[in-house]
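Good morning, and thank you for coming. Please look at the structure now on the screen, and I shall take you through it.

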Amino acid sequence: MIEAIGLVKLYGMHAALRGVTLEVPAGQVLTILGHNGSGKTTLVRLLATLVRPTAGHGRIAGHDLVDGRDEVRRLVAVVGHSTHLYDDLTARENLAFAEALAGRRADAARIDAALARVGLDGQAGIRVCALSSGLRRRVALARAMLREPRVLLLDEAFSGLDPEGTKRLEDYLHAFKAGGGAAVVVTHSLGRALAVADRVAILAAGRIAAEATRGSLTEEALQRLYLGTTDATA
Amino acid sequence: MSPFLRTAWAVFRKDIAVERRAKEGANALGFFALLLLFLFYFALGPDGDRIRAALPGLFWLAFILAGVLGLGRAFALEQENDCLDGLILAPADKGAIYLGKLAGTTALMLGMEVAFITATGIFYNLDIWAAVPRLLLVALAGTVGFAAVGTLFAAMTAHLRAREVLLPVLLLPLAVPVLLAAVKLTDLALAGEGWGPAWPWWQLLLGFDVVFLVAGLLTFEFVLEA
């Protein structure tokens, strides 16, 4: 479902990605770990079609990231560092606007159901600027759920979430996988990585430095792998 | 309603709702308009003929500055929380997003223009009311042309650090034909001239409106994705 072959991204002389190759089949979650500046966000932005690769190519459900970006955008939902929410609109209005941009009529029942799914049924009419950062992230997650995407790209989506919000996101990811979706989840939390992943990749200096299947991987083993990889490339 | 118009309508409604609630732009514009009226009164004195002669320039000076402020703000809003990325990622026709942003800016500018024309008539005690319908037509046509090219440049400079400086530098020279025609048509409307002498200026203004609008619709996607 998600394929990347030799993705390179240069910003001037700086190489953010130096040839990333990965594949995430339908029904799987790939978690990406890596220290700050290792290229995780650039990778997500490339897969989301927000930036174009300098070299290499990628496909989402068979659609090229560059030539087929309109099709890719219909299939993908992104929750990144920024929420893409308008502070002066309510949570419900933000979701209705996203629905309109996706070419769908804003169905109040669907929107309220998505907000209820992230635990915001009582706060749908509150302006986003009055919500805490964790609740804003939940609104962004509700917007992603509402899209019913086939591919989910989460960049630090767990950060700022309380345990209840984290549990709801984990539950959603498990249901999403079961429904045949594919996801790339970027996180700094080894525990979260193991909780949702089928495979874990460690990105260091713009390359996939290590990859492991979830299997019986423990948090300690993952920590050793992570530290070993990042220390070696530091 | 077609999906294209539905998207444009959604963007327009969103921009108006955000502006109505935030009120920052309206407050700044209101204060600026009052200041302009006071300054021109002190510069020109109470002579009604002198004021009337300066009115086309006064009107369009206020409208241009309101427009530059409004355009900058329309895309500054999209920079908060990286909403511009959200627009890029939306599986929507980017031309429709352009049309919605343009309509939002035009509506906000027109609101300010109606208030400014009214305030000018009252504050300077001028009998301009018979010319108001034609003034509003000129304001609409001039504002559409100005906002059409302005929306494109505001999107182009949205990511830049020096956007507040660059937007007027890029926009104003290109908007000169629209502004010249609009000032001349305002003058003719205030003078109560017939439609005959105004026709060539209308042709120029509407011609540029169409050119800027079509160029914006066709190129906004490339500007947004650049």
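This is a predicted model: local features need pLDDT of at least 70, side-chain atom pairs count only at pLDDT 80 or more; totals for chains, interfaces and linings use all residues.

In chain A, strand S7 and strand S8 (residues 182–186) are paired in the parallel sense over five bridges. Strands here are DSSP runs of E of at least two residues, helices are runs of H or I of at least four, and both are numbered from the N terminus; two strands pair if DSSP finds at least two bridges between them. Within this pair, Leu154(A) has Val185(A) of S8(A) as its bridge partner.

Residues are numbered from 1 along each chain as its sequence is written, and chains are lettered from A and ligands numbered from 1 in the order in which they are written.

S7(A), residues 151–155, also runs parallel to S6(A), to which four bridges join it. There, Val151(A) stands opposite Val76(A). Which residues of S6(A) are buried on its two sides? Val76(A) and Val78(A) are buried on one side, and Ala77(A) and Val79(A) on the other. Buried means that 20 or more other C-beta atoms, placed from the backbone, lie within 10 Å of the residue's own.

These strands belong to an open, mixed sheet of six in chain A, ordered S6-S7-S8-S3-S9-S10. S6 and S10 (207–213) of chain A are the edge strands with a single partner each, so one side of each has no neighbour in the sheet.

Ala183(A) deserves a separate word. Beyond its neighbours within four places in sequence, its contacts include Val29(A), Val151(A) and Phe176(A); a contact requires C-beta atoms, placed from the backbone, within 7 Å.

Turning to the two chains together, 19 residues of chain A are in contact with 20 residues of chain B. On the chain A side, helix H2 (69–75) and helix H3 (91–101) each supply at least two residues.

Finally, chain B has eight helices and zero strands. Its radius of gyration is 18 Å, close to the 17 Å of the globule rule for 226 residues, so chain B is as compact as a globular protein of that length. That radius is taken over C-alpha atoms, and the rule is 2.2 Å times the number of residues to the power 0.38. Of the 226 residues of chain B, 42% count as buried.

Methods: A residue is buried if 20 or more other C-beta atoms lie within 10 Å of its own, exposed if 12 or fewer, and partly exposed in between; C-beta atoms are placed from the backbone.
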